[in-house]
Structures are given as structure tokens and as C-alpha cells.
Amino acid sequence: IVMTMSSWNSSALKAALSSLANGIPLDPLPPPVHVPDASVAHAPKRTPAFRDDTDYVLALKNALRYFPSKYHAVLLPEFEAELRKYGHIYMYRFRPTHYEMKGYPISMYPGKLTIAKCIMIMIMNNLDYEIAQFPHELITYGGNGSVLSNWAQYHLLMKYLCQMDEDQTLVMMSGHPMGLFPTLQSESAPKLVISNGNVIPNYSSKADYDRMYALGVTIYGQMTAGSYCYIGPQGIVHGTTITVLNAGRKYLGLSQLNGTGVVYVSSGLGGMSGAQPKATYIIGCIGVIAEVDMRAIQKRYKQGWVQEIIEDLDELIERLVYLKQHKQSRSIAYHGNVVDLWEKFATYTQRNHGKLLCELGSDQTSLHNPFNGGYYPVQLSFDASQKMMTSDPVKFKQLVNESLVRHVHAINILTAAGMKFWDYGNCFLLQSSRAGADIMKNKFAFKYPSYVQDIMGDIFSLGFGPFRWVCTSRNERDLITTDKIAESVLCSLRADETEQRVTAQLDDNIYWIRNAHENKMVVGTAARILYANAEARIKIALRINEAIAKGEISGPVVLSRDHHDVSGTDSPFRETSNIEDGSKFTADMAVHNFVGDAFRGASWVALHNGGGVGFGEVVNGGFGLVLDGSKQSETNCRNMLFWDVNNGIARRAWAGNGNANFQIKRAMQRNPKLKVTLRNEVDSQLLKQIKIPSKL
């Protein structure tokens, strides 16, 4: 719920939040926590993957170094108990309980700098109980997408932000606040630099991550969890809306899905995947999302994102037949394992002469983390899986792999009958291949595309990607004002656009922003997202900055984007899966993007190893840019947002994407200072004359 300023008890709240400036509470120590709060979801037990006893001792030593030595004897047995019981030291004793964890209006925060206060808002929003998957373990989404490693780091981070001066930059190293460093020429320099999970490449396996996370020396920042830019499920709702709309265009030849009776089937109702039923409702098709955890289902049902809950597969089929016949839209949660659902649908199709119950299918289980809560095998109940993943991890891994084989087999039956299926960037294809499932088209290619490879890649190549902003006043009126600004900008661009591939994206996002308020998308801070190209992002940002200067918006606005964007991520099985010149396994683009944003005016920047598809499988980065109505904000917008998008378009054009080639040429025409090396096409008939040596 977006609350107005009058909703807060200002004096009491300011008093509570003033403690953010104090650092780690020590005198007295907060009371110990012996039993986790049963009212919130908690992370499953981690597997530390320690190499020997020395690692076990080192994890405890690393945790204790945050505290003066006089407290070590008290804290050591407590931290050791956490390590044994949970596989990680979260320091539950130090979790703040005297204020509710959420992003409050900026006027409530202590500190010297507007940017620092904005960062505090974003951090606390990432840990908001309505948003975070496991808030007490500082995990925002994806099972292990961490904001920080422990609660001591939280207190240190907030203290530094409260102390920060204009000529200082805060450095964060995988959750650890390294400190404040002097910064000359600070107007365009970032106030915060974040690095999460970046390791020597030879030490980037899942086991390496498990060990280093348990040692407290790295975190899996996912994407916007560790960069403090998550805006709740709204972001993935929009992304899913755009993906399914474009899937309908590409696979089914339908310009829109409302009133068509088209069924989209997937799995997961967690932090990210929970967006799927809301997206299908907005689109107007029929959505069926399987979920094993009833608590996750109830959360989405109470939000109004799930309209029906069905536990019996025969009842589900009967309901779908009715909805398809009457071409009615509905978002349905199936309480059960998605493998059971796919197998039931496959049997139905086989018995009904190839008739399909669903036209579109995907998967959003957290298969970047398959053996520690990201995927639940069909052979076990939810509770039995929770127990076995720690009591017998070898057996659990075997069951997960067997389940994936069945999972893929059922999908193969349905796609043979005409259903269209894609990997939703959750590592489904890669993990299924590792499990031995029949998922490979040949030795080097999967049977099914990644959604970026087949659907979203061309959109990214046009420069359209997830642009977002947060009104730090938390005032609903301010958010409505920004919505109107964004709609006006997009409509203006649409009126002048003649390219159909561009107008289709503008039309989708005009429809989205026009209905965003009515669709009640806000969870947490007053945030909004849409897909925009560089021109639209710059114009929207400048108009918002102008509105702040005129007093039409009552507080600063934080601009950001998902790392899952045009330029921010190198991920060969997702964001860069449509790069076909052999460079999709390189990470230069994401690194260049991070560095370029840093010296072009970003308020903070982040670079991560891991995100979506797993540790060691992706490098991604993001930014925050604070608008305060100043001329400096205007300069930063023009300078940074142009680079942030066109960096990736240039790379995609060089790799051979036609849309990117079109878009980067257009960008050079509009800005003569941009000069990009363009690809020269090679005659395919000439290439056929090449004689391959017998030995390579």
C-alpha cells in the first residue's frame, strides 16, 4: 500500500529511525533469538561446503571480527549454534525490531545527503516483509538473492550512509561495508560502489559460493537484491506481461490475447515468479501457475493476483475447458507440483487426439538453486523436501534430477502437439541437461529457446528494457504525476514513429502505464516500471526532474533499471543468448556498462557475479540515479542514460542483430558524437566454399 505522509506518526518514526546512525547496537546487547519468528518465511538450511575444520573456525572468526573482543565469549556459542542449525551466521540477535522494516518517506531519515537517504530507503524496501522472500535472512528473492550477509553489516552500512559527506564514496564488498573513502570532483562520482560475488573465474562454482557465503566473505546479490534496486513484484509483472504479449505475436500470430481463451502455464508463486498470475490477468488470457507452498499461494491470493486456487487436477481441467470455451480470463493457482500438472496435461492431449489445454508454457522455479529450495521434486511433498534437502542431500539431488527428466518428458509431448515452450531465464534448460533429460536438440543446442533468445532479445536490441523509478516521498500523488509524465512522453514518441517494430513496443508500454495505477501494482515504496528506449528514458527523467524543481513532485525520485536489460548483463543462457558471434560467454559489456555509468553521473553502481541463472553463469550490473530537481541531475541524466542503453545496442549490432544494427545507426544519426564500429556482412555462399581441415 502506498501511504501518504499524513499516515505516519512522524515524531515516533523519526525517533526510531534515528538509531540508523548508531551502528551495531552493543550497550546493551540486544536479547538473543533462540527460536525463529514463525510468522515469516525463513530460508532453508544452507550447505556450507567447508573444506575442513579450519573453514568452520574461520567462519566464526570472521563473524566475531565485527564486534569488540569483550563480547566474543557471549556471541561465539550463539553464532556457532546458527552455523550448525542454519548453515550460515545471520546474527539474528541484531535484527532491528523497534521499527517496521520498510522504505519510509525520505523526510523521516537521519543523515546529511539526499542520495544517502535514498539509498537507505531502497535497502529497507528490499527487506520489507511484503517484498522480501526471507526478510530475517536478508534475502529478497530467488531463494538466495541477498541484500547483505548478516545484520551487523546492515547496521554498519546504515551508519556510514548517515555519516556520508558530499566528498565521500562508500565501498561495499559482497555485503561488507569496507568504509567511506575521500572522493575529489564528487559531483559526477558515485556515492556508493557495490561489488557482489565477483571472484577469480576458476573459483566460481556452486560449491565455491556455498563455502564463501558460509565464511561470510561473499553473497549472491542476484540482480536488484544486492544493488538495492528491487521494487517488489511489479518489475517482473511488467516483464512477464511484455514477454507473454510478444510470445502471442510471435508464436500464435495474435496482436493481443484478451478474449482469445489462450492458456499460459508455468510454475512458481514466489518473490519473482509470483508475478505470473497478475500478468496473465492484465493481458486477459488464462493463467495456470503451479506452486507447492500454500503460504506463497495465499500471499498472492490475498493480494488479488491469484483469483482461484485449485488442488485437484481433474477439477482444473474441467475449469480450463469451460474458460476456453467461453474465452474468459482467469488467474488460477494449482496447489501441487508442476510435474504432476504437465503429466496430466500430456495424458489429456494423448487421449484427445492431440487437443491442447494450453498454448503457451514456461517455468519459473529457481533452478539456479536446484538442491537448496529452488526446485521441489515431484516424488516428495513440500515438507518432506524441506527435510531431505539437508538430512540426505545426495538422495535429494537424485530425486531432483529424476523429477526434471519427467518434467521435460511431459513438456516434449505437449510441444510435439503444438504447444510453445520457452526457458524463462531460470536455468531450466541448463539444469535439465545436467539431469540427463531429453532437452538437447544436438550436442550444442537446446530443444527450446530462452525467452530472451527467442522473444525479448530483439526488443533489447531496439533499446527497450526495464526502466523504473521510485518516489521517495512515498506519496501516491507523486507516483500518479510521474505516470502521467511517462505516458505523455511515450505518446509523443509514438506520434512521430513510423517503424512498426518500434511502435509495437511503444503501444504495449502506453497501455501498461495508462492502466498501472488502476492495476494496483505497488508493493512497498511508490515505484513504477515500464520498457523504454534511451530516448524515452532520458525524456521521462528530464520531465520528472523538472517537475521536482517546480514543486509538482514533493521529493526526490530514484531512477534505476533491472540488471536484466539491454546492456547490464552478460548471460549466455538468458540476456545474451541471442548473441551469435561466439562472444556470448564474454562479460565485457556488463563490466563496461558498470564502469561507464560510474563516471557519467550514477548515484550508485553495482557489479555482480550470478543472478537468475546461477553463480558463475552470469555477470551483471546496475545503478541508482537520484533526481532532485537540480541542474546536476539533468546533466547526469543526459550523460549516463544515453550510455547505459547504447553501450549494449552497439555490442548487439556488432554481434549481428538486425534490430540493434538499425537502432545504433539511428542513434548515430541523432547524436554525431556517437561513432560506433559497424559490422560488415559476409556472403553466406562464400562461407560455403571454406574447406574445413580434417584436424582442428
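Q: Is cysteine 162 buried or exposed in this predicted model?
A: Cysteine 162 sits in helix α5, residues 151-163. Its relative accessible area is 7%. The cut-off for buried is under 20%, so cysteine 162 is buried.

Q: Which residues is cysteine 162 in contact with, leaving aside its neighbours within four places in sequence?
A: Cysteine 162 lies in helix α5. Set aside the neighbours within four places in sequence. The contacts of cysteine 162 are then Leu20, Ala21, Pro110, Gly111, Lys112 and Met120.

Q: How far apart in space are cysteine 162 and alanine 116, C-alpha to C-alpha?
A: In sequence, cysteine 162 and alanine 116 are 46 residues apart. In space, the C-alpha to C-alpha distance is 6.9 Å.

Q: How many salt bridges does the structure hold?
A: Side chains of opposite charge can pair when their charged atoms come close. The cut-off here is a nitrogen to oxygen distance within 4 Å. The count of salt bridges in the structure is 34.

Q: What is the N to O distance in the salt bridge of arginine 93 and glutamate 78?
A: The pair links distant parts of the chain, 15 residues apart: arginine 93 in the loop between α3 (72-86) and α4 (114-126), glutamate 78 in helix α3. Arginine 93 is buried at a relative accessible area of 8%, and glutamate 78 is buried at 15%. Their side chains meet at an N to O distance of 2.5 Å.

Q: Which helices hold glutamate 343 and arginine 406?
A: The two side chains meet in a salt bridge, 2.8 Å from N to O. Glutamate 343 is partly exposed at 24% relative accessibility, and arginine 406 is partly exposed at 33%. The pair is 63 residues apart and links helix α11 (residues 338-351) to helix α14 (residues 393-416).

Q: Why do α20 and α21 count as roughly antiparallel?
A: Helix α20 spans residues 588-598 and helix α21 spans residues 631-654. Their axes are 9 Å apart. Roughly antiparallel requires an angle over 145 degrees. The helices qualify because they pack at about 160 degrees.

Q: How many residues of the contact of α20 with α21 are charged?
A: From α20 come Met589, His592, Asn593, Gly596 and Asp597. From α21 come Met640, Trp643, Asp644, Asn647, Gly648, Arg651 and Arg652. By class, three are nonpolar and five polar. The charged residues number four.

Q: What is the hand of the crossing of α19 and α21?
A: Helix α19 (residues 534-549) packs on α21 at about 160 degrees, with axes 9 Å apart. The two are therefore roughly antiparallel. The contact includes Arg537 of α19 and Asp644 of α21, and by class has eight nonpolar, three polar and four charged residues. The crossing is right-handed.

Q: Which residues are linked with Arg537 in a network of salt bridges?
A: Arg537 belongs to the contact of α19 with α21, and so does Asp644. Asp597 of α20 is part of the contact of α20 with α21, as is Asp644. The network joins Arg537 with Arg561, Asp565, Asp597 and Asp644.

Key. Residues are numbered from 1 along each chain as its sequence is written. This is a predicted model: local features need pLDDT of at least 70, side-chain atom pairs count only at pLDDT 80 or more; totals for chains, interfaces and linings use all residues. Side-chain values use heavy atoms; hydrogens and water are left out. Helices (H or I, at least four residues) and strands (E, at least two) are DSSP runs, numbered from the N terminus. Buried means under 20% relative accessible area, exposed over 50%, partly exposed in between (1.4 Å probe, protein chains only). Axes are lines fitted to C-alpha atoms, for helices over the stretch in contact, and angles run from 0 to 180 degrees between N-to-C directions. Angles under 35 degrees count as roughly parallel, over 145 as roughly antiparallel, 65 to 115 as roughly perpendicular and the rest as oblique. Contact means heavy atoms within 4.5 Å. Ala, Val, Leu, Ile, Met, Phe, Trp, Tyr, Cys and Pro count as nonpolar, Asp, Glu, Lys and Arg as charged, and the others, Gly among them, as polar. A crossing is left-handed if the near helix is turned anticlockwise from the far one by less than a right angle, and right-handed if clockwise.
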